[in-house]
Amino acid sequence: MEKKYLFSPGPTMLPPEVLLKMAEPIMHHREPEFEKIFAEIREGLKYLFQTKNEVLVFTSSGTGAMEGAVSNILSRGDKALVIRGGKFGERWGEVCKAYGIEFIPIDVEWGKAVEPESIRKALESDPAIRAVYTQASETSTGVRHPIREIAEIVNRYEDKVIVVDAITGIGVFDIPMDQWGIDVVVSGSQKALMLPPGLAFASLSEKAWRLVERSNLPKFYFDFKKELKSTKKNQSSYTPAISLFVGLRESLNMIRKEGLEPLFRRHEKLAKATREAAKALGLGLYAPDSPSNAVTAVKIPEGIDGERLKDLFFERFGITVAEGQDRAKGKIIRIAHLGYYGRLDMVMVISALEMLLKEMGHRFELGTGVRRLEEVLMEF
Ligand SMILES: *Cc1c(COP(=O)(O)O)cnc(C)c1O
């Protein structure tokens, strides 16, 4: 028998409730029945994003919403400030480049969070900067950036916005969009939303919508203004991924039933226990100072082949974890705990980690990590 488990930071494991809904016969997206589902989704997304603004839904992976957050917000001649502390930060720069937008990078050492002060200085020194692009949770390094502090800085300007890729932040930790004055939040379906890949989300503040009004960059499918009009009629502009929408209604219902506070706390608990277990095994953390509760990046100990460790997770146990990318390749493995994950899931993955490390010659006493994990889980 081969049972498989995803511990990758997207796609993630899915609840049977959602899977069953998505297996139902497909309906037509211009029927009243679908409009009713759409209306429920609008409400559920506003709850999840903690906003009064509409949350637009696109049929694409998360990057589609990132692209839209450049092509709809900026205009020719605008500059962007891009926080680059990992693969996804780099992606903001790549999207800007594709649209001919000059961007100023703030390069942050991988594994570290950005210093808000560096953003304040950059905005002061260059008035052409129109938007600050960042991640809430930089999935490639397991870092959480200080969004609240960055938003405070950007909010001092009438004509500048903060755009947050919260693809592994929304539904994991508290990012109250309206309360913190975040102008654009984008997310995707295959992380904490407990869905397969295929949907991207974007929500905009009034300030951001004013920039959309004047934006003159080319756009077609990811046309936010057009999509907003359709959304208000409980429609999507083009054929949506209907089964994913049906699944989304279910996952949003599950999130609402759990409640945001308990949801954030569950993620905090799983993340903290995972970090502590890794430390107990003598492993370092890649993002010790500002870790994201979405994913834990664990350093591979000296003398152990990181790629082999990742492969063995799957070969021996059917478990998918993520390896490091680019400069972190071979140096870390990333264990995700966002979305449909509970305490005993973490017992499983830490137990597998122990058995593999033992096999590969790391010196420690079997059970040390699981024991620490259990201790932390019981403290909450
Ligand atoms: C997963 C992810 C994305 C989007 O990637 P897609 O493959 O396009 O869905 C973007 N940013 C972050 C931080 C992510 O974790």
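Threonine 51 lies in the loop that connects α2 (32-49) with β2 (55-59), helices (H or I, at least four residues) and strands (E, at least two) being DSSP runs numbered from the N terminus. The model is predicted, so that local features need pLDDT of at least 70 and side-chain atom pairs count only at pLDDT 80 or more, whereas totals for chains, interfaces and linings use all residues. Residues are numbered from 1 along each chain as its sequence is written, and side-chain values use heavy atoms, with hydrogens and water left out.

With a relative accessible area of 8%, threonine 51 is buried (under 20% relative accessible area, 1.4 Å probe, protein chains only). Its side chain forms a polar contact of 2.7 Å with the side chain of aspartate 178, where a polar contact is a pair of N or O atoms within 3.5 Å, one able to donate a hydrogen and the other to accept it, and residues adjacent in sequence count only if both atoms are side-chain atoms. When neighbours within four places in sequence are set aside, threonine 51 is in contact with Lys46, Met177, Asp178 and Ser203 (heavy atoms within 4.5 Å).

The chain is divided into domain 1 (5-11 + 259-379) and domain 2 (17-257), with bounds from an automatic or database domain assignment. The contact between these domains takes 27 residues from domain 1 and 29 residues from domain 2. Two salt bridges are found across this interface (a side-chain nitrogen of Lys or Arg within 4 Å of a carboxyl oxygen of Asp or Glu), and nine residue pairs, both at pLDDT 80 or more, are in polar contact across it.

Conventions:
Buried < 20%, exposed > 50% of the residue type's maximum accessible area, 1.4 Å probe, protein only.
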